[in-house]
Amino acid sequence: MAGTVAKKCLSPLTFLTRRLSAPEFITQCCYHKKVVDHYENPRNVGTLDKNSKKVGTGLVGAPACGDVMKLQIEVDDNGKIVDARFKTFGCGSAIASSSLATEWVKGKSVDEALTIKNTDIAKELSLPPVKLHCSMLAEDAIKAALADYRLKQHDDQQEAASASN
């Protein structure tokens, strides 16, 4: 399999003139340059205060491949996402998908962020079919973070209504 990929991606002279390390081989053969860029220079890595009423946290995973993605959003009083952070355990495509997702949600309203689809993420990163589950995880993480944020807002409204009675 690796030999077949190598034949398609690299000229035979590459193997005669020098030896490729594993990261170089993967970079040159398997991942699109956008994936490599997000993997090597991930945007918005970190965490936000999960106890804040303005922060929604989504934690999703794919047991079949071992990818786990945590994505958090911070929403201002006008319903606009002002910050996003992620932590991902997984392959380069999973990390790139979550990095891109955090970039895309920033500046959007909560409703606009719901329109981000895995197909858009996969297309932007040029993910091969075998890696589409990574973009699906990113979409699920966005939805989970938004659902958590909305739940906190709903709970907050119920507390305010109870206090006024």
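1. Is Ser-99 buried or exposed? Ser-99 has 0% relative accessibility, and since anything under 20% falls in the buried class, Ser-99 counts as buried. Bear in mind that this is a predicted model.

2. Where does this serine sit, and what is around it? Ser-99 belongs to helix H5, which covers residues 92-105. Leaving aside residues up to four places away in sequence, Ser-99 touches His-38, Pro-42, Arg-43 and Phe-86.

3. Now the core. The largest nonpolar core has 30 residues, and Ile-73 and Val-105 have the most contacts inside it. Two or more residues each come from strands E1 (55-62), E2 (67-75) and E3 (81-89), along with helices H5, H6 (110-113), H7 (118-125) and H8 (132-164). Helix H8 gives the most, with 8 residues. As background, nonpolar side chains tend to be buried together in soluble globular proteins.

4. Last, the surface. Leu-59, Val-68 and Phe-89 make a nonpolar surface patch of about 330 Å². Phe-89 is found in strand E3. With a relative accessible area of 61%, Phe-89 is over the 50% cut-off and therefore counts as exposed.

Definitions and conventions:
Residues are numbered from 1 along each chain as its sequence is written. This is a predicted model: local features need pLDDT of at least 70, side-chain atom pairs count only at pLDDT 80 or more; totals for chains, interfaces and linings use all residues. Side-chain values use heavy atoms; hydrogens and water are left out. Helices (H or I, at least four residues) and strands (E, at least two) are DSSP runs, numbered from the N terminus. Buried means under 20% relative accessible area, exposed over 50%, partly exposed in between (1.4 Å probe, protein chains only). Contact means heavy atoms within 4.5 Å. A nonpolar core is a set of buried Ala, Val, Leu, Ile, Met, Phe, Trp, Tyr and Cys residues joined through side-chain atoms within 4.5 Å. Patches are made of residues with over 30% relative accessible area and no salt bridge: like charges are joined within 9 Å, nonpolar side chains (Val, Leu, Ile, Met, Phe, Trp, Tyr) within 5 Å. Accessible areas come from the Shrake-Rupley method with a 1.4 Å probe; for residues, only the protein chains shown count as cover. A salt bridge is a side-chain nitrogen of Lys or Arg within 4 Å of a carboxyl oxygen of Asp or Glu.
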